[in-house]
Structures are given as C-alpha cells and as structure tokens.
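This report covers the interface, the aromatic pairs and the salt bridges of one model. The structure is shown first.

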Amino acid sequence: MLHIYCPHCEEYREEEEFRPKGEAHIARPQNPEETSDEEWGDYLFFRKNPRGAHHEQWYHAAGCRKFFNVTRDTVSYEILETYKVGELPTIDDTSRRAAK
Amino acid sequence: MQHYSGFELVKHGLSHHENWQRVWRNPEPRSQYDIIIVGGGGHGLATAYYLAKEHGITNVAVVEKGWLGGGNTARNTTIVRSNYLWDEAAWLYEHAMKLWEGLSQDLNYNVMFSQRGVMNLGHTLQDMRDINRRVNANRLNGIDGEVLDVKQIQEIVPLMDCSRNTRYPVLGASWQPRAGVARHDAVAWGFARAADALGVHLLQRTEVTGIRTSGGKVLGVETSRGFIGAKTVGVVTAGNSGVLAKMAGIRLPIESHPLQALVSEPMKPVLDTVVMSNHVHGYISQSDKGDLVIGAGIDGYNGYGQRGSYPTIEHTLQAIVELFPAFSRVRMNRQWGGIVDTTPDACPIISATPVGGLFFNCGWGTGGFKATPGSGNVFAATLANGKAHPLAAPFSIDRFISGKLIDEHGAAGVAH
C-alpha cells in the first residue's frame, strides 16, 4: 500500500483515496491549426514510460479532489516527492545518480 | 528431435525415463544471423518457429535475458478466446484460435489446450447491449458466440450466485464455446523445442543492452555475451518494450503497468469453464491441478516492479466472492504480478519502425497469451517478407498518428 503525501491536504493518506492519472507535464500544442498529425499523435498517445523516476499526475479522488504531481520510482514504486500542479519536480534520474 | 508418443513413453519407462533427449540445446552464439528475435517468451519463440517452418529461415537466434518463457508467459492466467469486437482484432485473434486448435499435433507437444468455453457476464442493461453487439459482430466474422440468459448460465455454472439478491445481479452473458485455457509453460516449451529442432538458436541468459544501427538501418544487438549481428531484428519483449525502444531511439505509445493474478489452494473440480465479468471486475477458472486461477484489471499506475498493490487484490477478490459466495472460505496460495505493455486502444502493435530492419511486436497489454501462435505466425511473415502480414497491417504504429485506432477496451479491459 502506497502512502501518498497530498500537497493540498498536507498529510499522508492511503493509496485507495487516490487515482493515478498518467504522465505529467505534457503540454498541449500551442497552435492547433499548425500542429501536424505526428505532433498530435505524439501529444495524445506517445509516452516516456521510463524505468526509473517518473513524473506523474495523481488525483485525490476521495479527499480534496484536486490534482497534483508525484515523482515515483517505477521499479521500487517509492514516492520520491509530491508537488502541486504548476510547480516543477526537483528529483529525476540524473539528480538521483548524482546524490549517490 | 525425438518424437513424443505413447509408445515412446512406454519404451522410456523400461529404462526409468533416464534417457530422454534434452528438450533443446544451449548453443554458443554465432557472430551473424539472418534474423534476431529479442525476447524468448511465447510470442518470440512462436515467431522463431514459424520463421523456420513456414518461411524456411533457420539462421535465427532468439535472445533472452533470463530463461525461456520466464516473463509474462509464466505469469498469465492461460485464457484463450477470440471474441473481439472489431474486424481487425477479431481476425487476428481468430487466426490464433485456429492455430491453437491444431497446436499440440503441430508441435508434437501437449499444450493442454482445453476448449471449455469462456463466459463474459453482463450485470447492467448497457452490458447486455454491448454483449449482444459483440456476439453479433463475432458471428458475422464466423466466430462462435451465443448470448445466454440467466437460466442457461446457471446450468453451465451451478455454483455461481445468479439470484436477484446480489449487489450487481447477473442479467446474462456472452458465451464462446471454442474458447478455453491452455497450459502456459507448455506453449513456450513446445515452441522452443520445435524451433530448436528446426535449427533456431535459443540464447538464454543473454541480455540485450543496446541496438546497433548505422545510417538508419539496424546492424545487430549488443548483448551481455558480445555483439550479435543481423540485418533484421524483431523485438518481442512485452512489458520491457519501452526500454528496448529507448535503446533504438524511438518512442512508443505504450505504458507499462503491473497486472496481478492469484491462485488458490488446490481443490476438487468445481468450475469447468472460465467466468469473466467486466462490471464487477474479476475473472476465474480452475486449473487441471485444481487451484482457482483469479485475476482482474491492471494496477492504475506505471510500474516495472512485477508486483502489484493490495487494494487491487482486495477489489478482485470482492468481485469473485460476490459471484461465488462458496469461495469465501478458499485460501489463496500465491499472488504475483507481471508487467504488461498497454496501448491507448488495447490492441497490439505489430509494426516496422523508423529504423530499417527493426520491427516491434508489442503492446499486447493484458491479453497476449491467447494470441501466442497467431502473433508469432503473422510476425514471422512480417520479418521474413520485410512488410506487414495482411492480418498485422492494421496494427501498425502509424495508427496512433492517423487516428485509425481499433478500440478493444470492451473486449480486453478486464477480461484478458
């Protein structure tokens, strides 16, 4: 069972209160008219799917009902940090290797 | 290859079964092959077998980082069916089903394919509309299917609670009599043995660490046992497809998720078919050994950890106990997770890539086992001819750019 720190509620809650919502920081194309099919396809369907640190969106469905972001290791499932939408992650695979 | 038969069994009995030939060899890698297949699971081994058998290409290596059939082939819940909604998917899975029906004879290896029927339950009016639509679509494609009412369901599965007193009463079901189960390990072993006999090299404990390319064309693979060359490389690595794609510098519309399954303690026969429910989210069958084999949907988050979360197990067993109250006292023996590579439309990717000579067969998500012979068959043709087999063509990666998706979430979302 994951214990997830909700940055809005400012407390740890159990995994069952949350819903994972996939990769975070995917920017919608700025100019839809000028966006090619390849770019739309990439935005809609193609994902990083890393083995290691993953920045992803979670939804506090049975709590504050707000979205936030999580950096989580996809092998150990360890949650490395949580942060609000609009903020940037401070941890990725490069910084983790440097910290070791 | 030593032929397996009843006579051989008796003959070897006389020498205490001590003189059986090894099932396959463990060769040293050559420096160059015609075709390399990355991934020694069911799909990869089937690809190698059909390359040798149907296309006469035997200078082939299957490169496997662990042991043969040790990934999702060993972790799935062994269900085989072909009742998919859309033509493209139905044709592909039915192609596999037809191969399943003669597979034990073809491979001279008992894959224990048992056509005991698969039942997909409906619990709401919309479920029943979808079931009717899917069964009609199946029948138009020449795939067997029936819509059952509650009385017919109860006759087939007397143990199931079909009363009106449950939270989600059973209203009906779709039924595919030709569907069933097969022995998952035997499928990998049977394909491995038959491919080996035709001259294919099975390179176990050989991990691919890189894909060497030059001028946009593939040259071979870097492995833990050195570089191995080939002008054609087929990647069939299920949950790790994304990792391999990264080595080749391409992106895939895939996310890897844990998918869990459980088996109970062995019991006397109580369930002689496969029961699935999308709505209460669970499915169950009983193996020949007697244990109940149980599964449900994927864990929602991305993961490569080959284990899942407790809430998913609890949710799965709630559904099973709701359907079969008698199973509430059954103890679970083992639980495990496999890593499935899910695509946005719940259909596989069998495709060329921007790298010349490099092909991917992946994205089978939660339900690849049923397609094992069909997947290998069409992928072998794709590798041998350098262009997609007609049944594989709609599953090109280009569909995620053109938008021509084949949405099979209804047939593959929970039922695997």
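## Interface between the chains

Buried area is the accessible area, taken with a 1.4 Å probe, that two parts lose on being put together, summed over both. For chain A and chain B this comes to about 2300 Å², with 55% of it on carbon and sulfur atoms. The model is predicted: local features need pLDDT of at least 70 and side-chain atom pairs count only at pLDDT 80 or more, whereas totals for chains, interfaces and linings use all residues. Residues are numbered from 1 along each chain as its sequence is written, chains are lettered from A and ligands numbered from 1 in the order in which they are written, and side-chain values use heavy atoms, with hydrogens and water left out.

Contact (heavy atoms within 4.5 Å) involves 24 residues of chain A and 27 residues of chain B. Between the two chains there are 14 residue pairs in polar contact, both residues at pLDDT 80 or more. A polar contact is a pair of N or O atoms within 3.5 Å; within protein, one must be able to donate a hydrogen and the other to accept it, and residues adjacent in sequence count only if both atoms are side-chain atoms. Chain A and chain B share one salt bridge, a term that requires a side-chain nitrogen of Lys or Arg within 4 Å of a carboxyl oxygen of Asp or Glu. It joins R251(B) to D42(A), at 3.0 Å from N to O. On the side of chain A that touches chain B, two or more residues each come from strand 3, helix 1 (37-44) and strand 4 (53-59) of chain A. Helix 1 of chain A gives the most, with four residues. Helices (H or I, at least four residues) and strands (E, at least two) are DSSP runs, numbered from the N terminus.

## Aromatic pairs

Over all chains there are 18 aromatic pairs. Rings of Phe, Tyr and Trp (its six-membered ring) pair if their centres lie within 6.5 Å; planes under 30 degrees apart count as stacked, over 60 as edge-to-face and the rest as tilted. F18(A) and F68(A) are edge-to-face because their planes stand at 80°, with ring centres 5.7 Å apart. F18(A) lies in the loop between strand 2 and strand 3 of chain A and F68(A) in strand 5, so the pair ties together parts 50 residues apart in sequence. Both F18(A) and F68(A) are buried, that is, under 20% relative accessible area; exposed is over 50% and partly exposed in between (1.4 Å probe, protein chains only).

W100(B) and F113(B) are stacked, 5.5 Å centre to centre and 25° between the planes. W100(B) and F113(B) are both buried. Ring pairs also link F45(A), F46(A) and F400(B) into a cluster.

## Salt bridges

By the same rule, the count over all chains is 23 salt bridges. E94(B) pairs with R178(B), the closest N and O atoms being 2.8 Å apart. E94(B) is in helix 3 of chain B and R178(B) in the loop between strand 6 and strand 7, 84 residues apart. Both E94(B) and R178(B) are buried. A network of salt bridges links E94(B), K98(B), E101(B), D144(B) and R178(B).

D345(B) and R399(B) form a salt bridge, with 2.7 Å between the closest N and O atoms. D345(B) is buried at 1% relative accessible area, and R399(B) is buried at 3%.
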